Amino acid sequence: MAVVTGGTSGIGLAAAERLLRSGAVVEIWGRNAGKIGAAAEALSAFGRVRAVAVDVSSFENVRAAAEDAERHYDHVDILLNSAGVLAASAPVQELSQEAWADSVATNLSGVFHTCKAFLPGMLSRRYGRIINVASMAGKEGNPFFAAYSATKAGVIGFTKAIAKEFATSGVTANCVVPAIIETPMVEAVSRQAPENFARTLEKIPMARMGRPDEAAAMIAWLASDECSFTTGFGFDLSGGRATY
């Protein structure tokens, strides 16, 4: 059984569909009840799916939803953290405190909250797959997106740290590190800051954006039994931009 945060669009939605097609039962989480309901209805064509309104920035909200999921399904084997926000493009001196705080609360604290909530069950069963969605911005730093870059760097470091904590437990933790993927978030950036978007796209040797289904394919392997000797790693989805 898999819980997918940010399952209403982009990578989260594509991964939820891929997991359903692979035979998993999936629960998608999102802040907007209407959006997750519509996403769950679309996903129901591929398997058993449930939608739950959860704000991952609130640990109390996450803990209650995690306990409900454990009761409803008996166990949660896969956790995909795909929920994220992108503050408006701005130089750091103009970045608002609210935008910074929201970025940290959702992108970084949200990952901590879900891992803290689901790890006890995974560790007691000695099996689990945690996949966190980071970003190439977390490796290289994207100008005018300091909050997003910082929080995604934090996701990479957090994933590596926790993976080492329970490396012998049967629970793995990895992250995917995308460059530009064709998602609603990226479309919004391309409209808001076209020059920044163009510069970022030019860095990709394949000269194109990635597709959500390409990210979903990698996530499906990381969530599988076959991913048994890989933990604490960041898998690039960069079209050749990053070779390290």
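Modeller: Quick ground rules: numbering starts from 1 along each chain as its sequence is written. Since the model is predicted, local features need pLDDT of at least 70 and side-chain atom pairs pLDDT 80 or more, totals for chains, interfaces and linings use all residues, and side-chain values use heavy atoms, without hydrogens or water.

Biologist: Which residues of H3 are buried?

Modeller: Helices here are DSSP runs (H or I, at least four residues), and strands are E runs of at least two, numbered from the N terminus. Buried means under 20% relative accessible area, exposed over 50%, partly exposed in between (1.4 Å probe, protein chains only). In H3 the buried ones are Phe59, Val62, Ala65, Ala66, Ala69, Glu70 and Tyr73. They fall within an arc of 140 degrees (from directions, helix axis to C-beta atoms), so they line one face of H3.

Biologist: Where is Asp77, and what does its side chain touch?

Modeller: Asp77 sits in the loop between helix H3 (59-73) and strand E4 (78-81). A polar contact is an N or O pair within 3.5 Å, one able to donate a hydrogen and the other to accept it; residues adjacent in sequence count only if both atoms are side-chain atoms. The Asp77 side chain makes one with the side chain of His75 (3.0 Å).

Biologist: Is Trp221 buried, exposed or partly exposed, and which helix holds it?

Modeller: Trp221 lies in helix H9 (residues 212-222), and at 31% relative accessibility it counts as partly exposed.
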